[in-house]
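Here is a friendly walk through the fold, from its sheets to its helices and a few backbone details. Have the model open alongside as you read.

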Amino acid sequence: MRYLLIGRGKMGRLIQETARTAGDEIQAVFGREDLDQLGKLGRAADVVIDFSRPEALPEIGSYVRRTGTPLLSGTTGYTQAELRQLEELGRYAPVLWSANFSLGIAVLVRALREVSGVLKPDFDIEITETHHNQKADAPSGTAKLLAEAVDPAHALNPVYGREGDTGRRTKGEIGIHALRGGTVAGTHTVHFFGPEEELEFTHRAASRQIFVNGALHMARLLPGKPNGVYDLQKILFGGK
């Protein structure tokens, strides 16, 4: 496989190392300082892999529209408008975006979709996420992904932290809390607090390698697929 990589951060460097070890080719790597050079390239790879920042989307989108190169994105921090722009690229190429490419998180999302409808009427729901001290966005894209799995109809009101007289919980809330420190790769817990019982689902990432492995696995599946926006859950679980 041949890749164009957007992003020179820790994830980008790890993707390079892992892909080359697997025998794949990195045709070019772009960062914020030279992303404008992407516009000078023709179709140079089988897949564009983007683990950068939301501000790179216009340049990446222009390239995908021009060349039809499949796009896999793990960039987080997008606004709803930017996500719509990303989805619009599915008209020109196969596009897969996920806030988290971990297999464990994919299974957790599936589990939450199954149980949340049963628990929501009587249980209070809170999500906590912990990341290293250089994590740029809060709450994390994965926390938002888990909140979406719990509440796909957006019937609950998200509350981001509590202070003072806002500490008392009201019906219809979902709390989302971000912790930052050290070198934590990522820990996410969904708490269900019910009458006289509690249920928790926790996923801990030991390193970024699990995200890289998942992203490269999915990238190998994109070439040859019809244009469109692809969902990680549907690819892994056959749309069930």
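A residue counts as exposed when its relative accessible area is over 50%, and as buried when that value is under 20%. With that in hand, Glu196, at 82% relative accessibility, counts as exposed. Please keep in mind that this is a predicted model.

## The six-stranded parallel sheet

Let us begin with the sheet whose strands pair in parallel. It is open and has six strands, in the order β2-β1-β3-β4-β5-β11. The edges are taken by β2 (25-30) and β11 (228-230); each has a single partner strand, so one side of each lacks a neighbour in the sheet. On average, neighbouring strands here are turned by 20° against each other, direction ignored.

On one side, β3 pairs with β1 (residues 2-6) in the parallel sense over four bridges, and Tyr3 has Val47 of β3 as its bridge partner. Three bridges also join β3 to β4 (residues 71-73), again running parallel, with Leu71 in β4 as the bridge partner of Val48. Which way do the residues of β3 point? Val47 and Ile49 point one way, Val48 and Asp50 the other way, and all are buried. Further along the sheet, β5 (residues 94-97) runs parallel to β11 and is joined to it by three bridges; Pro94 is partnered there by Gly228 of β11.

## The five-stranded mixed sheet

The other sheet to look at is also open, but its pairing is mixed: five strands follow the order β7-β8-β6-β9-β10. Its edge strands are β7 (157-159) and β10 (197-204), and because each has a single partner strand, one side of each is left without a neighbour in the sheet. From one strand to the next, the twist averages 20°.

Strands β9 (residues 187-194) and β10 run antiparallel and are joined by eight bridges. Gly194 has Glu197 of β10 as its bridge partner. Helix α5 (residues 141-150) packs on this sheet, touching β6 (124-131), β8 (173-180) and β9, and its direction makes about 35° with that of β9.

How many residues of α5 are buried? Seven of the ten are, so the helix is largely enclosed by the rest of the structure. The buried residues are Gly141, Thr142, Ala143, Leu146, Ala147, Ala149 and Val150. Their cover includes α4 (103-119) as well as the strands β6, β8 and β9.

Helix α4 deserves a look of its own. Its axis and that of α5 are 8 Å apart, and the two helices pack at an angle of about 30°. Angles under 35 degrees count as roughly parallel, and α4 and α5 are therefore roughly parallel to each other. From α4, the contact is made by Ile105, Leu108, Val109, Leu112, Arg113 and Ser116; from α5, by Thr142, Leu145, Leu146, Ala149 and Val150. By type, these contact residues divide into eight nonpolar, two polar and one charged.

## Where α1 meets α6

Another helix pair joins α1 (residues 10-21) and α6 (residues 209-219), whose axes come within 10 Å and cross at roughly 60°. The two helices are therefore oblique to each other, and α1 passes α6 in a right-handed crossing.

At this contact, Met11, Leu14, Ile15, Thr18 and Ala19 in α1 meet Gln209, Phe211, Val212, Asn213 and Leu216 in α6. Seven of the contact residues are nonpolar, three are polar and none is charged.

## Backbone details in the loops

Ala138 and Pro139 are joined by a cis peptide bond, with omega about -5°; Pro139 is found in the loop between β6 and α5.

Where does His154 sit? Its place is in the loop between α5 and β7. Phi of His154 is near 55°, a positive value in a residue other than glycine, and at 54% relative accessibility His154 counts as exposed. Glu196 also has a positive phi, near 70°, and is likewise not a glycine. Glu196 lies in the loop between β9 and β10.

Methods: Residues numbered from 1 in each chain as written. Predicted model: local features only at pLDDT ≥ 70, side-chain atom pairs only at ≥ 80, totals over all residues. Heavy atoms only, no water. Pairing = 2+ DSSP bridges. Axes fitted to C-alpha atoms, helices over the stretch in contact; angles between N-to-C directions. Contact = heavy atoms within 4.5 Å. Parallel < 35°, antiparallel > 145°, perpendicular 65-115°, else oblique. Left-handed = near helix turned anticlockwise from the far one by under 90°. Nonpolar A, V, L, I, M, F, W, Y, C, P; charged D, E, K, R; others polar. Buried < 20%, exposed > 50% of the residue type's maximum accessible area, 1.4 Å probe, protein only.
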